[in-house]
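Open the model in your viewer and keep the selection tool at hand. We will go from stop to stop, and at each one I will say what to select and what is there.

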Amino acid sequence: MWGMNHHHRSSAPADPKSHTTRPIVTGASVLGVKYNGGVMLAADTLLSYGSMAKTMNASRLMEIDQTLIGASGEYSDFQAIQEMLEAKSLQMQSGLLQEREGDEPPMTARSMWNYLRVVMYHRRNKMNPLWNSVVVAGKDGATGEFFLGNVDRLGTTVEDNIMATGFGAYMGVPLLREKWRPDMDEGEARALLEDCMKVLYYRDCRAASRIQLAKVSADGVLISEPYELETSWAGSTDYIPLNTPLALP
Amino acid sequence: MMSASHSSMVNPMSSNPYGLKEGEVSTGTTILAMPFDGGVMLGADTRTSMGSYATSRSTDKITFLSDHIFCLRSGSAADTQAISDIVKHYLSHLTIETGREPLVKTAAHLMKNIVYSNKDSLSAGVIIAGWDPVEGGQVFNVVQGGSCLKQSFALGGSGSLFIYGLMDSEFKEGMTQDEARALVKKAISHAMARDGSSGGMVRTMTVTAEGNKRDVTPGNELPFGPVF
C-alpha cells in the first residue's frame with residue numbers, strides 16, 4: 001500500500017538496466033587443444049572497437065583456481081565472468097557451501113564449465129546475455145585427465161579435444177581436426193595452435209599477430225607473455241599485377 | 001529505380017560505412033596519393049574484406065587508367081572495378097582521337113560524372129592520381145556522392161580516418177621521390193595497424209614522366225605496427 005515502507009525495488013527510482021544488445025569492445029577467436037600431458041589455449045591480445053583496433057595489450061586468457069578460461073566477444077562481459085567466478089570460488093572456499101579437504105581447488109574445470117552453463121543460460125532466458133564464447137580448460141578432477149569445453153552466450157555447451165570460437169570455428173577447426181592426435185606433445189600442440197592463429201591473422205579482419213598461449217599440465221597453470229607470430233608473404237609479393245605500362249626497372 | 005534500402009548517404013561511423021549490400025565485397029581499405037617533385041606517389045593496402053572475412057590479402061587496388069594515370073579504389077570492389085573499366089575505356093578513345101595523352105583532370109572529371117550520376121546506386125570512393133605534361137603530378141579525390149576535389153594529398157577508405165592527423169603533421173610540398181614513398185608506406189602502415197578493414201601488404205606506384213614503378217612491402221616488413 002502507498003505510505004507503507006515496503007522497500008520494494010519497484011518503489012525505488014528505476015535503475016538504469018543495462019542489456020548487452022550488441023557487443024562494443026570485442027575479442028576475436030580463442031583456440032584450444034588437448035595434448036598428451038595437458039591442454040593448451042591460444043588467443044590474440046587485440047581488442048576491437050567495431051572495425052578499429054583499440055588495444056593490443058589485453059589478456060583474454062585467465063586463470064581461476066588452476067582452471068583456464070578464455071573468451072571471445074564482449075570484453076566487459078568477460079571481465080564480469082572473471083569476477084563472478086572468483087567470487088564463486090571464494091564463496092566455496094569459505095566452506096559455507098561444502099566441506100572440503102586439502103588443497104584441491106573448490107571447482108574442477110568441469111564444474112566451472114557447468115556453472116558457467118547455468119549462468120549463461122539463465123542470462124539468455126532473461127534476454128540479457130553475456131556476449132561471450134568461453135573456453136574452459138583444466139584438470140578434470142582427481143582422475144588426472146584434462147578437460148576442454150566451451151559455453152556460448154546461449155548457454156550451449158560442447159566438450160571436445162579441440163575447441164575454437166569466433167572465426168576460429170570456421171578456419172581453425174578444420175586444421176585442428178586434420179592434425180590432432182591423442183599423443184601430441186606440448187611442442188606439437190603449440191605448433192598447431194600457432195599455425196591456426198597465423199591463418200586467422202591473414203583472414204580474420206579482427207585478428208592480430210600478437211598472441212598469448214596458456215597451458216594446464218601436471219605442473220600447474222602457465223600463461224605466456226604475449227609474442228609476435230612470424231608471418232609469411234611468400235607468393236603474395238611475387239604476384240605481378242597486369243597493368244604496369246612504361247614499367248621502369 | 002530507387003532502392004529503398006540503399007543510399008550513398010551512408011554513415012561513416014556505422015558498422016557498414018560504405019552502405020554495402022549483403023554479400024557485397026568491400027575494398028574497405030586505406031588509399032593515399034600525393035604529388036612529389038617530378039610525379040605522384042600512390043599507395044594502398046592489400047586487403048579485400050567481406051564483413052570481417054578477408055577474401056584477399058594480396059589485392060591490387062592500384063588500377064591502370066592510362067599510361068600516366070592510375071586510380072586507387074575504395075568502397076565496393078565490384079562497383080569500383082566496373083567504373084574504372086569504363087573510365088579506362090573513355091581515356092583510350094580520347095588518346096586515339098586527340099593523338100595525345102589524356103590529362104589527369106580529364107580522368108578525374110570522367111570518374112566524377114559516373115559517380116555523381118549514379119550516386120544512389122554506387123559505393124565508390126576513388127582517388128585519381130597521375131602525371132600529365134601540362135600540370136605535372138596531380139591528385140584528385142572523387143568521394144562518395146561524386147564530389148571531385150583537387151587536393152595536395154588525398155586519403156581514402158576506412159583506414160584513412162586514422163591517419164589524417166599524421167598526414168597533416170608530416171606532409172610537405174616538393175618532397176623527393178624517396179621521401180614521398182617513405183611517408184606513404186609509413187602512413188598506410190599506421191592506418192593498417194588501427195583499421196581492421198585494412199591490412200596485408202603495402203603496394204606503392206610511382207608515376208613520373210619517364211615511366212612507372214611498382215613496389216610492394218610485405219606485411220612483416222612494414223615500418224610500423226602492430227599498435228602498442
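Start by selecting helix α1 (residues 75-93) of chain A together with helix α2 (residues 109-125) of chain A: in this predicted model, their axes come within 12 Å and cross at roughly 125°. Axes here are lines fitted to C-alpha atoms, for helices over the stretch in contact, and angles run from 0 to 180 degrees between N-to-C directions. Helices are DSSP runs (H or I, at least four residues), numbered from the N terminus. α1(A) and α2(A) are therefore oblique to each other; angles under 35 degrees count as roughly parallel, over 145 as roughly antiparallel, 65 to 115 as roughly perpendicular and the rest as oblique.

Now show side chains. From α1(A), A:Ile81, A:Met84, A:Leu85 and A:Lys88 make the contact with A:Met112, A:Tyr115, A:Leu116, A:Val119 and A:Met120 of α2(A), where contact means heavy atoms within 4.5 Å. By class, this contact of α1(A) with α2(A) has eight nonpolar, no polar and one charged residues. Ala, Val, Leu, Ile, Met, Phe, Trp, Tyr, Cys and Pro count as nonpolar, Asp, Glu, Lys and Arg as charged, and the others, Gly among them, as polar.

Next, select helix α3 (residues 168-179) of chain A and helix α4 (residues 186-203) of chain A, which pack at about 150° with axes 10 Å apart. α3(A) and α4(A) are therefore roughly antiparallel to each other. Among the residues meeting here are A:Leu175 and A:Leu176 in α3(A) and A:Leu192 and A:Cys196 in α4(A). The contact of α3(A) with α4(A) has eight nonpolar, two polar and two charged residues.

Then bring in chain B. How many residues of chain B are in contact with chain A? There are 39, and they touch 32 residues of chain A. The area buried between the two chains is about 3000 Å², with 57% from carbon and sulfur atoms; buried area is the accessible area (1.4 Å probe) that two parts lose on being put together, summed over both. Highlight B:Ser52, B:Arg57 and B:Arg194, which supply 22% of the area that chain B buries against chain A, more than any other three residues.

Finally, colour by pLDDT, the predictor's confidence in each residue, from 0 to 100. Chain B has a mean of 90, and 89% of its residues reach 70 or more. Over residues 1-9 of chain B, the pLDDT is below 50. Where pLDDT is low, the predicted coordinates should not be read in detail. The model scores ipTM 0.84 and pTM 0.86.

Residues are numbered from 1 along each chain as its sequence is written, and chains are lettered from A in the order in which they are written. Local features need pLDDT of at least 70, side-chain atom pairs count only at pLDDT 80 or more, totals for chains, interfaces and linings use all residues, and side-chain values use heavy atoms, with hydrogens and water left out.

Methods. Helix = DSSP H or I, 4+ residues; strand = E, 2+ residues; numbered from the N terminus.
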